[in-house]
Amino acid sequence: MSDGAVLFPALLAPARLVKRGQSVVIVGISGGFQVRAQGKALADAAAGDSVAVENLSSRRVVQGLVQPDGTVRVSL
């Protein structure tokens with residue numbers, strides 16, 4: 001950007017790591033174990049955002065937090 005350029009909110013928004021319809025890995029961690037499942041994102045989201053995902057095995061929709069690596073962490 002050059003000096004004096006106009007900044008718009010969209011330019012300052014964090015990059016979307018997850019896009020609606022994208023395949024994602026759902027990760028649930030509790031105590032000493034970890035469960036992973038394939039899912040489908042139901043909305044766009046950036047790291048740290050809450051996003052709804054559909055578990056492709058059970059067809060259940062769960063809420064999770066997008067991690068910096070693009071996985072979605074859910075509470076167990």
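Q: Hi! Which residue does Glu54 form a salt bridge with, and how far apart are the closest N and O atoms?
A: In this predicted model, Glu54 forms a salt bridge with Lys40, and the closest N and O atoms are 3.9 Å apart. Glu54 lies in strand S5 and Lys40 in strand S3 (residues 33-41), so the pair ties together parts that are 14 residues apart in sequence.

Q: Is Glu54 buried or exposed?
A: Glu54 counts as buried because its relative accessibility is 14%, and the cut-off for buried is under 20%. Lys40, at 33%, counts as partly exposed.

Q: And what about Arg59, which residue does it form a salt bridge with?
A: Arg59 forms a salt bridge with Glu54, with the closest N and O atoms 3.6 Å apart. Arg59 is exposed, at 54% relative accessibility. Salt bridges that share partners join Lys40, Glu54 and Arg59 into one network.

Q: Nice. What else does Glu54 touch?
A: Leaving out residues up to four places away in sequence, its contacts include Ile26, Gln38, Gly39, Leu42, Arg60 and Val61.

Q: Where does Arg59 sit in the fold?
A: Arg59 is in the turn of the hairpin formed by S5 and S6, which has five residues between the strands. Arg59 has a positive phi of about 65° there.

Q: How many bridges join S5 to S6?
A: Five, and the two strands run antiparallel. As an example, Ala52 has Gln63 as its bridge partner in S6.

Q: OK, on to S6 and S7. How do they pair?
A: S6 and S7 pair in the antiparallel sense over two bridges, with Leu65 opposite Arg73 in S7. They form a hairpin with five residues between them, and Gly70 in the turn has a positive phi of about 95°.

Q: Back to charges: how many salt bridges does the structure hold?
A: Three. One of them is between Asp49 and Arg16, with the closest N and O atoms 3.0 Å apart. Asp49 lies in the loop between S4 and S5 and Arg16 in strand S1, so this pair ties together parts that are 33 residues apart in sequence. Asp49 counts as partly exposed at 26%, and so does Arg16 at 41%.

Q: Changing topic, which residues make up the largest nonpolar core?
A: There are ten: Val18, Val24, Ile26, Ala41, Ala45, Val51, Val53, Val66, Val72 and Val74. Strands S2, S5 and S7 each supply at least two residues of this core.

Q: What does Val18 touch?
A: Not counting residues up to four places away in sequence, Val18 touches Val24, Ala41, Ala43, Asp44, Ala45, Val66 and Gly70.

Definitions and conventions. Residues numbered from 1 in each chain as written. Predicted model: local features only at pLDDT ≥ 70, side-chain atom pairs only at ≥ 80, totals over all residues. Heavy atoms only, no water. Core = buried A, V, L, I, M, F, W, Y, C linked by side-chain atoms within 4.5 Å. Buried < 20%, exposed > 50% of the residue type's maximum accessible area, 1.4 Å probe, protein only. Helix = DSSP H or I, 4+ residues; strand = E, 2+ residues; numbered from the N terminus. Contact = heavy atoms within 4.5 Å. Pairing = 2+ DSSP bridges. Salt bridge = Lys/Arg side-chain N within 4 Å of Asp/Glu carboxyl O.
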